[in-house]
Amino acid sequence: MRVLVTGASGFVGPYLLQRLRADGHEVVATCSDGLPPPAWESDAGVVWRRLDVRDGASIEATLGDVQPEAIVHLAAVSSVARSWTDPEGTWDVNASGTHRLARWAATLCPGRRFLFVSSSEVYGASVAPDRPVAEDAPLRPLNPYGASKAAAELALEPWRVAGRLDVVIARSFGHSGPGQSPEFVLANVALQLARIRRGQQPPRLRVGNLDVRRELLDVRDVVDAYALLLERAPSGTYNVCRGVAFPLRDVVARMAALAGVEVEWERDPARFRPADAPCVVGDPARLRALGWRPRHELDDTLRALVEWARTDD
């Protein structure tokens, strides 16, 4: 089918484009400037279009021309830290942008599958350290990013109830891999370790709060889940997670061992969140019932991150 992917030039986008093409879909990739990343400039198998979720005219023009049979909505301000410094911009992209996209999708390509990539951050204070959080938990976000994603989910509800869009919501928990922004902890640690190894940084890692436990999936397993939800899932909400929370301190120590460097840790107050749950673990039962299983162990992801950072300039 013809699948339109918003935010396709971000971290997850290129992985998803590859997966959708491998599955035989016709792929239209969109981003705010319509320009493909350098790695995709010579790839004629993916059509790139401009679609800025802050601009209703660009949404209307692109959806009207493309007439997608399905939409995967990745476009977002995805950094919790950035959401604290620019809550208004985060809201405009994540909440209002999703509302604009849904409105035009319901008008120009009604009834089509609309896969919205949300976040575990919508659960916020509903997360408890003694049990995995399931999809029926209340939405109680603790930061502007989580609040914007929760609002986006609510913005989709009228179109779903009215039958104007076939909505599937993927609430993704922590994931990483090569190409992720250094705004995210594991990519940042990998790049710091590479600089230390090259003698460009003293052997001290600047870190935030490592006294937490977090879900961690490989980005390749995440896009496997998105492809499955796009193609086969009944309308509804699905946690995309492993069901296991890893101590972040142990994860960072393992990355240092894989990088082959000995480091000290330096706590950086600027990297701490104003509000942070001590443990975040999800219940993947709904997704597993569709046949999904993660294919990559944590070490696979950490090793890939370390190798990527070594070659990144």
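In this predicted model, Arg-213 stands opposite Pro-247 of strand β12. That position belongs to the pairing of strand β9, residues 213–214, with β12, which runs in the antiparallel sense over two bridges.

Which strands make up the sheet, and in what order? Three strands form an open sheet, arranged β12-β9-β14, and the pairing is mixed. The edges are taken by β12, residues 246–247, and β14, residues 279–280; each has a single partner strand, so one side of each is left without a neighbour in the sheet.

I turn now to the helices. Two packed helices are described by the angle between their axes and the distance between the axes.

Consider helix α8, residues 248–259, and helix α10, residues 298–311. Their axes come within 10 Å and cross at roughly 55°; the two helices are therefore oblique to each other. The crossing of α8 past α10 is right-handed. On the α8 side, the contact is made by Val-251, Arg-254, Met-255, Leu-258 and Ala-259. On the α10 side, the residues include Leu-298, Asp-299, Leu-302 and Arg-303. By class, this contact of α8 with α10 has eight nonpolar and four charged residues, with no polar ones.

The second pair is helix α2, residues 56–66, with helix α4, residues 87–108. Here the axes come within 10 Å and cross at roughly 35°, and α2 passes α4 in a right-handed crossing. Gly-56, Ile-59, Glu-60, Leu-63 and Gly-64 of α2 meet Arg-100, Leu-101, Trp-104, Ala-105 and Leu-108 of α4. The contact of α2 with α4 divides into six nonpolar, two polar and two charged residues.

Key. Residues are numbered from 1 along each chain as its sequence is written. This is a predicted model: local features need pLDDT of at least 70, side-chain atom pairs count only at pLDDT 80 or more; totals for chains, interfaces and linings use all residues. Side-chain values use heavy atoms; hydrogens and water are left out. Axes are lines fitted to C-alpha atoms, for helices over the stretch in contact, and angles run from 0 to 180 degrees between N-to-C directions. Helices (H or I, at least four residues) and strands (E, at least two) are DSSP runs, numbered from the N terminus. Angles under 35 degrees count as roughly parallel, over 145 as roughly antiparallel, 65 to 115 as roughly perpendicular and the rest as oblique. A crossing is left-handed if the near helix is turned anticlockwise from the far one by less than a right angle, and right-handed if clockwise. Contact means heavy atoms within 4.5 Å. Ala, Val, Leu, Ile, Met, Phe, Trp, Tyr, Cys and Pro count as nonpolar, Asp, Glu, Lys and Arg as charged, and the others, Gly among them, as polar. Two strands pair if DSSP finds at least two bridges between them.
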